[in-house]
Amino acid sequence: LHPPAHMPPGRLLGSVQVLTAPVKTVERMREKLNEYATRPDACRPLTAHILDPIRVTICCEGPRDILTVLNWFLDNNSAQFPVPVIKIKNKFGMEDANDYDGYRDLMVNVLYTGYRGLRVIGEIQLHDRKLHQLKDKMHKLYKVKRAENAASI
């Protein structure tokens, strides 16, 4: 990705770190499907709720850089970068601090169209670097909360 041409002169972006993640496992996708199957407000097909089979994290130096990177994706939706943004979830804007166990990030779902028209939804997680450093510790609690029993931790 390249910064948009209209970025003001002298506006430098702090260091941005891109972290890849493994493809979501079939087992985890099945767990998510089972979670949605019990919700009366879940849309059908249930697979429509799985928006992160492929994901990447981009760590930024604060809110200004998070918004700059977000705008790169919004502004670069063109023939040279054919990955349209289809959904944005701003967890920084959540009113209830208990949502997501207090964790905050900006999630951007994109639609990639590849060979022979295969379309895959991916997730780009935009994080504040300082918050991301806490994520590993918080993720352990998340795994405990979603576990059905102690053996599945």
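Visitor: What is the volume of the second largest pocket?
Guide: This is a predicted model, where local features need pLDDT of at least 70, side-chain atom pairs count only at pLDDT 80 or more, and totals for chains, interfaces and linings use all residues. On a 1 Å grid over the protein atoms alone, a pocket is an open set of points where a 1.4 Å probe fits, with protein on both sides within 12 Å along at least five of seven lines. Grid points are joined across faces, edges and corners, and a volume is the space filled by probe spheres set on the points. For the second largest pocket, that gives about 350 Å³.

Visitor: Which element supplies the largest share of the lining of the second largest pocket?
Guide: Lining residues have an atom within 4 Å of a point. The largest share, five residues, comes from E5.

Visitor: Which residues have the most contacts inside the largest nonpolar core?
Guide: A nonpolar core is a set of buried Ala, Val, Leu, Ile, Met, Phe, Trp, Tyr and Cys residues joined through side-chain atoms within 4.5 Å. Buried means under 20% relative accessible area, exposed over 50%, partly exposed in between (1.4 Å probe, protein chains only). The largest such core has 13 residues, and those with the most contacts inside it are Ile 58, Val 69, Val 108, Ile 124 and Leu 126.

Visitor: From which element does the largest share of this core come?
Guide: Strand E2 (54-60), helix H2 (63-75), strand E4 (106-113) and strand E5 (119-128) each supply at least two residues of the core. The largest share, five residues, comes from H2.

Visitor: Why do the buried residues of H1 line one face of the helix?
Guide: Buried in H1 are Arg 28, Lys 32 and Tyr 36. Seen down the axis of H1, they fall within an arc of 80° (taken over the directions from the helix axis to the C-beta atoms), so they line one face. On the other side, the exposed residues are Glu 27, Arg 30 and Asn 34.

Visitor: Is Arg 116 buried or exposed?
Guide: Residues are numbered from 1 along each chain as its sequence is written, and side-chain values use heavy atoms, with hydrogens and water left out. Arg 116 sits in the loop between E4 and E5, with phi near 55°, a positive value in a residue other than glycine. At 75% relative accessibility, Arg 116 counts as exposed.

Definitions and conventions: Helix = DSSP H or I, 4+ residues; strand = E, 2+ residues; numbered from the N terminus.
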